[in-house]
Amino acid sequence: MDMKARIAQELKGRTPDEVVELVVYNCRSSDGEVEGLTEDYARLEVLSVVNVGLSSLVKLPPLPRLRKLEASDNTISGGLDALAERCPALTHLNLSGNRIKELSALEALQNLKGLRSLDLYSCEVSTADDYRENVFELLPQLTYLDGYDQEDNEAPESEGDDDDDDEAGPPGDEDDEEEDEEEEDEEGSEGDDGEVGLSYLMKEGIQDEDDDGDYVEEVEEEDEEEEEDGGLSKVCDIYCENLSCPGSFNLKILPVRRGSCSRWWGEEEERRR
């Protein structure tokens with residue numbers, strides 16, 4: 001299948017201005033130039049034309065939003081001026097496996113001010129002495145060359161890694177979320193619907209036990225004071241059948257105040273004599 005027919009097939013019912021990413025594969029360019037791609041693809045951001053027989057990018061149409069171009073395993077040897085003119089937003093360029101031999105062929109990329117990543121694997125230029133140092137010097141806007149920066153730190157596995165960082169929000173949002181979670185935990189410790197936490201109940205139980213002891217002691221002290229002051233007497237040991245007596249409800253069981261039983265008064269008078 002030729003390249004033009006493959007691109008038309010990849011539309012899948014869409015119009016060219018609706019396409020954001022286009023992967024062209026299993027096809028060949030008839031003359032080594034880009035075919036079937038027009039300026040109608042104005043919203044295109046990612047284009048892959050790997051191993052399709054390209055020898056030049058001169059006929060690449062204006063693609064103002066294109067930021068990633070995968071053009072590896074072709075026979076491109078130069079003519080990169082078209083990229084700077086027609087793809088000014090380009091940040092990632094993969095030319096691995098092409099026929100770029102001289103460092104001078106890359107000079108046209110100096111005009112791509114936003115270019116961050118360039119891949120030249122298996123290109124003859126990559127075998128030159130001081131290849132990496134010379135490319136970074138020629139293209140100071142680069143961050144990664146063949147997947148590594150100037151200090152040999154590996155690039156993120158996907159370009160989306162940086163996008164994820166941007167979407168994470170401004171600094172401080174993460175701290176605010178942690179504070180919100182802590183507040184929720186504190187509120188949850190009290191329980192839903194006004195329920196009291198276990199630790200609070202245990203604490204209250206301990207206090208109740210201490211309070212109960214104090215209460216018993218206080219009751220005993222009050223009983224002693226009442227007995228000393230002539231309060232309630234012990235259960236009367238005199239069985240009285242005098243129903244008119246205020247304390248006549250089986251005085252062996254019910255406590256009565258001293259002096260309420262006429263029988264007691266009679267015995268008390270006898271003892272005083």
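A residue is called buried when its relative accessible area is under 20%, exposed when that value is over 50%, and partly exposed in between. By this rule, 32% of the 273 residues of the chain count as buried in this predicted model.

Figure 1. Among contacts between residues at least 6 apart in sequence, 48% join residues that are at least 24 apart.

Figure 2. Glu10 has its place in helix H1 (residues 3-10), and it counts as buried because its relative accessibility is 12%, which is under the 20% cut-off. When neighbours within four places in sequence are left aside, Glu10 is in contact with Leu22, Val23 and Tyr25. Tyr25 is found in the loop between E1 and E2 and, with a relative accessible area of 39%, is partly exposed. With residues up to four places away in sequence not counted, Tyr25 touches Arg6 and Glu10. The C-alpha atoms of Tyr25 and Ile7 are separated by 9.0 Å, although these residues are 18 residues apart along the chain.

**Figure 3. The largest nonpolar core.** In soluble globular proteins, nonpolar side chains tend to be buried together. The largest nonpolar core of this model has 47 residues, of which Leu37, Leu47, Leu69, Leu109 and Leu120 touch the most other members. H1, helix H2 (81-86) and helix H3 (131-138) each supply at least two residues of this core, and H3 gives the most, with four residues. Leu109, when its neighbours within four places in sequence are left aside, is in contact with Leu80, Leu83, Leu93, Leu115, Leu118, Leu139 and Gln141.

**Figure 4. Leu93 in strand E4.** Leu93 lies in strand E4 (residues 92-94) and, at 1% relative accessibility, counts as buried. Leaving aside neighbours within four places in sequence, Leu93 is in contact with several residues, including Leu69, Leu83, Leu109 and Leu115. Ser117, Leu118 and Asp119 are also among the contacts of Leu93. The C-alpha atoms of Leu93 and Arg116 are separated by 8.5 Å, while the two residues are 23 residues apart along the chain.

**Figure 5. The two faces of helix H3.** An α-helix has 3.6 residues a turn, so residues three or four places apart point the same way. The buried residues of H3 are Tyr131, Val135, Phe136 and Leu138; seen down the axis of H3, they fall within an arc of 165°, so they line one face of the helix. These buried residues pack against strand E5 (117-119) and E6, whereas the face of H3 turned away from its buried side carries the exposed residues Glu133 and Glu137.

**Figure 6. Two aspartates with positive phi.** Most residues other than glycine have a negative phi, and most peptide bonds are trans. Asp73, however, has a positive phi near 60°; its place is in the loop between strand E3 (68-70) and H2, and at 44% relative accessibility Asp73 counts as partly exposed. Asp146 has a positive phi of about 55°, although it is not a glycine, and it lies in the loop between E6 and helix H4 (160-167). At 7% relative accessibility, Asp146 counts as buried.

**Figure 7. Cys27 and Cys87.** Cys27 is buried, with a relative accessible area of 3%, and Cys87 is buried as well, with a relative accessible area of 0%. When a disulfide is taken as a pair of cysteine sulfur atoms within 2.5 Å, the count of disulfides comes to zero.

Notes
Residues are numbered from 1 along each chain as its sequence is written. This is a predicted model: local features need pLDDT of at least 70, side-chain atom pairs count only at pLDDT 80 or more; totals for chains, interfaces and linings use all residues. Side-chain values use heavy atoms; hydrogens and water are left out. Buried means under 20% relative accessible area, exposed over 50%, partly exposed in between (1.4 Å probe, protein chains only). Contact means heavy atoms within 4.5 Å. A nonpolar core is a set of buried Ala, Val, Leu, Ile, Met, Phe, Trp, Tyr and Cys residues joined through side-chain atoms within 4.5 Å. The arc is that of the directions from the helix axis to the C-beta atoms.
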